[in-house]
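Here is a short report on a structure. Look at the picture, then read on.

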Amino acid sequence: MSGEGNVKLRLDNSELWGGLIGLGLGIFVIRSGLKLKLGTIHDPGSGFVLFYTGILICAFAATVTVAALTEGGPTFGSRWRDARWGKPLLVIACLTAFAIALDPLGFLLAAVPLTLLLMRLVDPVRWSLAIPISILVPVGMWWLLKQALGIQLPSGTFGIG
Amino acid sequence: MDTLVNVAHGFGVALAPVNLLYCFIGVFIGTLVGVLPGIGPISAMSLLLPVTLSGTPESGIIMMAGIYYGSMYGGSTTSILVNIPGEAASVVTCIDGHQMAKQGRAGPALGIAAFGSFIAGTFALIALMLVAPKLASVAIVFGPAEYFSLMALGLVVLTFLTQGSMAKALLMACIGVVLGLIGLDSITAQPRLTFGRIELMDGIGLVPVVMGLFGVAEVLLNTERVIKRDIIEAKITRLLPDKEDWKASAGPVGRGTVLGFFLGILPGGGAVVASFASYALEKRLSGTPERFGHGAIEGVAGPEAANNAAAGGAFIPLMTLGIPPNVVMALLLGAFVVHGLQPGPLMITQNPGLFWGIVASMYIGNLMLLVLNLPMIGMWVQLLKLPYNILFPLIILFTIIGVYCSSNNVFDVYVMIAFGVIGYFMRKLGYEPAPLVLAFVLGPMLENNLRKSLILSQGDLGTFVTRPISAACLALALVLLIGPLLPALRKRRELVALDEGA
């Protein structure tokens, strides 16, 4: 691996971090397997497969880490070059806010602002189009699910929906 | 004779008005998601999995199957007209299909894609009718060792065919196995990796995982770049290919059909592999390979036939062994399980109405697709003009509703968001989600069969290598694992490696 943005022994080597996260996860899985008891080869216990899968995770993660150190890997900067990285962050924030609001506010009161925000924040759709879509689509979906398919969506503390 | 009686029985089931309606809804939605870039059959099937609960098992599974093969048809439209694959199996169609469209031959390109798909789909169904019952009777003698080895082979094949580093793909598969084991141990009922959360006792749901990794992650990736579409604006005329087109396409359609069908049966294979393999084969067999990439009709006919034949072939391991060969079939397995059914060698004899009904509905669905795709091409083109900034909030909304409806639990919406974020970073760092999802589904079965084999053989690991089918599967898996270490095989793998993400 070579070229622009390719680094070896540097903290912004993205391949290195991928491998290290894998190693951490593998160690956690091995520990969990041991805690659950391995049993014997005649009668494997609940942790048997977890333990050996954890070892495999460590082995593959170590391969990725070693490759990152010897052959190098792209930096985080090069992975996100020319990307509008703030946009996915906005979508994630909207989704998290929606999930938090879903139970207390109910589907309709949470979905209408979510759709409107997503339409306006990422690549703004004009208000005259964004408002009717963000009201009509959630209401239409709610009607279809509740009236036609009999599926109940959360109605929240206000009982709307 | 038995087969004919069964087929007649199947048509009786499939032609019931309610099943015809579900079949139509399935192929219509399938074409729609195939046409629209950014939503694939995986997202659509996950979304509609809860809806299948409202009808009979036949209706639900007929609809889900319709979405799958419908998306194979629809995907070609976007590839040819916009140069963006509507779904992963249509990536290859972009190469020559869009060039044909630029040269004013969009009609014949769309036509040969639809007719090639229909011919291949029909062949795959006839082969499915003949092969599945025979394989099911053989599969009855499979023990836990064979099942374990077959599933291990499926995972290794998928990791072998996944784009990028094989170590990364294997890492993903192992993580998928671990995620699949979360919840109560099926043998000892001991909770595993639940962190004291009652929601995790039954494990993580397939729908939030798939919707997060494929649906939300895809949206996150698309929002960080400005999507430009090169839509062919000229009016599309003459959809029927002429005599010359048919002459050039007959061989590729035939070869693509046979190749696709066999690649579809293989665990870990499927429509995407088949389309790439068919393109490579046609280019190699052609007397004028330099035309490929510049609008060769063979480059559309072969891969389109192959991906549809593979979609039909992929039903064989699921229906006869109960093993899903790819992520889409894993979702279909989910639909069976939702209705309390277990596909496998006994399904054809114990539930013939369901098996033959699905097979017959697929034939009817193929006919519906031919009618849907050609005369309605103008409507699909209009749909392609829908801007992504309007489309993606709706995709997000549909995924949330789909996930919530699958369990009536907000916890699953959190799980979906978490997997969406994980999937986004995985794709950015070059880790493919397909091996993780297939391993997630196969993980519990893999563990169960491994433990059963060890208990039955009293701890003798030799049981996996002394039984011929198991030994053959493990030997092939080993070759594929060691293969990439050899320079010649590594080069070959890089040629066929694919992006399963779309």
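B:F195 counts as exposed, with 7 C-beta neighbours inside 10 Å. The cut-offs are these: a residue is buried if 20 or more other C-beta atoms lie within 10 Å of its own, exposed if 12 or fewer, and partly exposed in between, with C-beta atoms placed from the backbone. This is a predicted model, in which local features need pLDDT of at least 70 and side-chain atom pairs count only at pLDDT 80 or more, while totals for chains, interfaces and linings use all residues. Residues are numbered from 1 along each chain as its sequence is written, and chains are lettered from A and ligands numbered from 1 in the order in which they are written.

B:F195 sits in the loop between β2 and α9 of chain B. Helices (H or I, at least four residues) and strands (E, at least two) are DSSP runs, numbered from the N terminus. The phi of B:F195 is positive, near 50°, and the residue is not a glycine. Most residues other than glycine have a negative phi.

B:L193 also has a positive phi, about 50°, although it is not a glycine. Its loop runs between β2 (191–192) and α9 (206–223) of chain B. B:L193 is partly exposed, because 19 other C-beta atoms lie within 10 Å.

## A buried serine and a loop asparagine

Is B:S117 buried or exposed? B:S117 is buried, since it has 30 other C-beta atoms within 10 Å. This serine belongs to helix α6 (residues 106–139) of chain B. Leave aside its neighbours within four places in sequence: B:S117 then contacts B:M72, B:Y73, B:E304, B:A305 and B:N308. Two residues are in contact if their C-beta atoms, placed from the backbone, lie within 7 Å. B:A309 is 192 residues from B:S117 in sequence, yet their C-alpha atoms are 7.6 Å apart in space.

Now take B:N351. This residue lies in the loop between α15 (347–350) and α16 (352–373) of chain B. B:N351 is partly exposed, with 16 other C-beta atoms within 10 Å. B:R192 is 159 residues away along the chain, and 34 Å separate the two C-alpha atoms.

## Two helices that cross

Two packed helices are described by the angle between their axes and the distance between the axes. In chain B, the axes of α10 (residues 243–265) and α11 (residues 271–285) come within 9 Å and cross at roughly 140°. Axes are lines fitted to C-alpha atoms, for helices over the stretch in contact, and angles run from 0 to 180 degrees between N-to-C directions.

Which residues of α10(B) and α11(B) make the contact? From α10(B) they include B:P252, B:R255 and B:L259. From α11(B) they include B:A271, B:V273 and B:L281. The residues of this contact divide into eight nonpolar, four polar and two charged. Ala, Val, Leu, Ile, Met, Phe, Trp, Tyr, Cys and Pro count as nonpolar, Asp, Glu, Lys and Arg as charged, and the others, Gly among them, as polar.

## The two chains

| Chain | Residues | Buried |
|---|---|---|
| Chain A | 161 residues | 34% |
| Chain B | 502 residues | 61% |

Chain A has six helices and two strands. From the N terminus, its elements run β-α-α-β-α-α-α-α. The radius of gyration of chain A is 24 Å, well over the 15 Å that the globule rule gives for 161 residues, so chain A is more spread out than a compact globule. This radius is taken over C-alpha atoms, and the globule rule is 2.2 Å times the number of residues to the power 0.38. Along the principal axes, the C-alpha atoms of chain A fill a box of roughly 55 × 55 × 25 Å.

Chain B has 23 helices and two strands. Its radius of gyration is 22 Å, close to the 23 Å that the globule rule gives for 502 residues, so chain B is as compact as a globular protein of that length. The C-alpha trace of chain B spans about 65 × 55 × 50 Å along its principal axes.

## Where the chains meet

In all, 51 residues of chain A are in contact with 48 residues of chain B. On the chain A side, α2(A) gives the most, with 10 residues. That side divides into 34 nonpolar, 11 polar and six charged residues.
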